[in-house]
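Student: I'm new to this one. Could you pick a single part and take me through it closely?

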Amino acid sequence: MVLTYKQCIEKYGSDHMLKKEIAEGNLFQKEKGIYSLSKNCSELEIIGAKYPKAVFSGESAFYYHGLTDVIPDFYHLATVRTDGRIKDERVKQTFLKEDIFDMGQIKMSYHNTEICIYNLERMLIELVRFRGKLPFDYYKEIIGSYRNRVETMDIAKVEEYAAKFKHSDKMMQIIELEVL
């Protein structure tokens, strides 16, 4: 389990007790302000704890949902436009308007780590929105994965999400042609 400095202070009472737990080997500092109860923890856990307001999106979300087997080079996180810039070399940040930021957010367990991520329906909209920026074979692989999952998806949600963006009619046409 990964804890922030604030959570450690609440749990152990003071900075002195926190340092004592580290010295005794009961707590491990992973990064500045990030601690773990176990010696080994995943980088995904650290990123999730370090940026609790961010949502996994883009290539990261496609991978964590099992739509592609291409492991992303970076953690792709979406934040609200008013949030500060994430200065972490491992992270690619996307800024979104507040009215679309919360749309489709879910909690998902990935390798025993709970992460905040956009659902499949929202990621289909994102795929279609940014299809011109993605490599063609990567795009086709993900579209193929969506075709295999179309029965389990909520198409009404897809339509609802698409309506919040510009060119929603064109997006829905592409989804109908390539996925449905």
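Tutor: The axes of H6 and helix H7 (residues 136-149) come within 11 Å and cross at roughly 145 degrees. Axes here are lines fitted to C-alpha atoms, for helices over the stretch in contact, with angles running from 0 to 180 degrees between N-to-C directions. Helices are DSSP runs of H or I with at least four residues, numbered from the N terminus. This is a predicted model, where local features need pLDDT of at least 70, side-chain atom pairs count only at pLDDT 80 or more, and totals for chains, interfaces and linings use all residues. Residues are numbered from 1 along each chain as its sequence is written, and side-chain values use heavy atoms, with hydrogens and water left out.

H6 and H7 cross in a left-handed way (the near helix is turned anticlockwise from the far one by less than a right angle; clockwise would be right-handed). On the H6 side, Leu120, Met123, Leu124 and Leu127 touch Tyr139, Ile142, Ile143, Tyr146 and Arg149 of H7, contact meaning heavy atoms within 4.5 Å. Sorted by class, that's 8 nonpolar, no polar and 1 charged residues (Ala, Val, Leu, Ile, Met, Phe, Trp, Tyr, Cys and Pro are nonpolar; Asp, Glu, Lys and Arg charged; the others, Gly among them, polar).

Now for H8. H6 (residues 120-129) and H8 (residues 155-162) have axes that come within 9 Å and cross at roughly 50 degrees, and this crossing is right-handed. Glu121, Arg122, Leu124 and Ile125 of H6 meet Lys157, Val158, Tyr161 and Ala162 of H8. By class, this contact has 5 nonpolar, no polar and 3 charged residues.

Conventions. Helix = DSSP H or I, 4+ residues; strand = E, 2+ residues; numbered from the N terminus.
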